[in-house]
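Please keep the sequence and the structure in view while reading.

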Amino acid sequence: MIAERILPAAVAGLLGWALLFGGGVSEGRLFWIASAALLLAASLVATMLAGALGRPASRSAWAFVGLLAGLVAWSGASIAWSIVPDRSWDGFNRGLAYLAFALAGVFLGAIVPRSARVLAAILSGLLALVLGWALLGRAVPALFAYDEHGYGSRLREPVGYPNALALLGDVGLVLGLWISAPRGRPVAARIGGTLLLYGGLVATLLTYSRTGVVVGAVAVALWLAFSVERLEGVTAVGVAGVPALALSAWALSAHNLGSTATHSQRVQAGALFAIFFVAGAGAVVAGVVAACRLEPEKPEERHRLERLAGLAVGGVLALSVVGFAIRAGGPGAWVREFSHPVEVTQNSGRLTSASSNNRWEWWKDAVRIFRAHPLEGAGAQAYDPARRPIRHSESIAVEPHNTALQFLSELGIVGFLLAAGATAAAMVGIRATLRRSAPPERAAALALALVALVYLLHALVDYDWSFVAVTGPALLVVGALLGVPSSRQSKPRLLPLAGIAIAFLAGLYSLGAPWLASRRIDRALALVADSPAKAAATARSAHHLDPLSYDAFRVWALAAAAAGDEKAAVLLYERGALLQPENWETWYFLGQYEYLIGRYRRACY
């Protein structure tokens, strides 16, 4: 079938776009990626309804997609009661993109033979590019701006957020083990997999992400526990781990690599980093070649070495946990440090800190918001404005850094249960896939299942739902693991086919209207000083495109103020405040302007 050849290429292009050019939490980048994902998903569903493709047969897949669609629809419905309806519209559009990724994954699993191996290979190649680009930025400082978002010298590009990059590094660990562990693989392939493991370890450590390190260790331990070829896995971890830890230890202590160093110092330190990294890669290659020659053939010798390796790995993990607990002062001190509201530094010292970095406070505030709106929540992406009046600390957080609590506070118990149901359906379906997979495919399916688990664990302590670079690929992986081919061809269904066309156009409008409005708001802001009349007209057209946007009113008011029409400016600020009466920003800008024009009493009121 032509779809068997085209679909992997389309999925590879979509995943590459999301991973390399996701743009952090940027809504502008999301428009293009989401539109492409929506087009791919709609084309696949339409082709199925036209009778040219079989309907995926997995009940778990359709339960997962249905519950995920319900979650997205509920986030769209939250626009009606949201504190910030324009942000909730953005949240709905983000959910549309993720639903399209999941659908594309389901069809990939149902249509493409050996889909787990195909997808794992695609992801491995793309992650090699992502991690390579991230590490190249450490070697060549001019590639990335330092300390642009207060992250110091932490590795973060091309994703834009260190913890999200660490999550991709953890995925690289799993896929590197999948490539390097099987005995039957050519030496060149095993070298490539171990190099991916090496790069993933270095990149994860240089993000200074404590969650990334812990989740990565859990992923490696689970692979070694469930994989058939444990000895090869332990060997790959050892061969990649020794040079990776040595290089990372040097990089973590090299002050000239940090954001406080001068540019010339960073250039010199970056050149040293590149030399040491290449030397480490050479050691990895030599280690893999030697390991392939020295692998034991007798089963009893292999079992003995596997037991010794397992004891060694378990001992290292146990000593690490005990040592960390002792350093913290015991379990009690560990808990106190975790729950104490303190800002952790952005340097390498954060790796030894047990503090939650204000997360404990953010989680408690999320529970308070849920209690105030138990059924429906405060609205998609409304955590920040809903938290401002009730927060007990000065720390600012866009999301609670816990995806489960994010759904609970923003979408209430309904949204939380829909997300939990989709997760449960995915777990049931993935378990069934692992059970029925043949040995060559099972190893790839196990690696992808661990990718999904890594995402789930990481999402419990961060706001991964906001990053298309990690959530889009994760949901596509889940969909691919759930997709089961159907033996019977679907009959053409013209009415649902027309419905898909309408839904696609509606989704495209939903994505496009706020995006176009945002671009016009930026254009209007640039015109305020030189041409207030044009700025006002552009802001007005942005308001017509996105009537929920407060920013359109604010820039429109700035244009009126620049033209000297104080009365119109106040009226526009007031319209914006009435549009989002529970959003503190709307009243702040209104009061600020009234104070500037001398209306002090009204400004204070």
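## A charge and a ring

Over the ring of which residue does the charged end of Arg554 sit? In this model, which is predicted, the charged end of Arg554 sits over the ring of Phe589, at 5.1 Å from the centre of that ring.

## Aromatic pairs

The structure holds 18 aromatic pairs. One of them is formed by Trp74 and Trp81, whose ring centres are 5.2 Å apart and whose planes stand at 55 degrees, so the pair is tilted. The word follows from the angle, because planes under 30 degrees apart would count as stacked and planes over 60 degrees apart as edge-to-face.

Are these two residues buried, partly exposed or exposed? Trp74 is partly exposed, with a relative accessible area of 22%, and Trp81 also counts as partly exposed, at 29% relative accessibility.

Helix α3, which covers residues 59-77, and helix α17, which covers residues 468-482, have axes that come within 8 Å and cross at roughly 150 degrees. That angle makes α3 roughly antiparallel to α17, because angles over 145 degrees are counted in this way.

The crossing of the two helices, α3 and α17, is left-handed. On the side of α3 the contact is made by Ser60, Ala61, Phe64 and Leu68, while α17 contributes Leu475, Val478 and Leu482.

Technical notes. Residues are numbered from 1 along each chain as its sequence is written. This is a predicted model: local features need pLDDT of at least 70, side-chain atom pairs count only at pLDDT 80 or more; totals for chains, interfaces and linings use all residues. Side-chain values use heavy atoms; hydrogens and water are left out. Rings of Phe, Tyr and Trp (its six-membered ring) pair if their centres lie within 6.5 Å; planes under 30 degrees apart count as stacked, over 60 as edge-to-face and the rest as tilted. Buried means under 20% relative accessible area, exposed over 50%, partly exposed in between (1.4 Å probe, protein chains only). A charge sits over a ring if NZ of Lys or CZ of Arg is within 6 Å of the ring centre and within 35 degrees of the ring normal. Axes are lines fitted to C-alpha atoms, for helices over the stretch in contact, and angles run from 0 to 180 degrees between N-to-C directions. Helices (H or I, at least four residues) and strands (E, at least two) are DSSP runs, numbered from the N terminus. Angles under 35 degrees count as roughly parallel, over 145 as roughly antiparallel, 65 to 115 as roughly perpendicular and the rest as oblique. A crossing is left-handed if the near helix is turned anticlockwise from the far one by less than a right angle, and right-handed if clockwise. Contact means heavy atoms within 4.5 Å.
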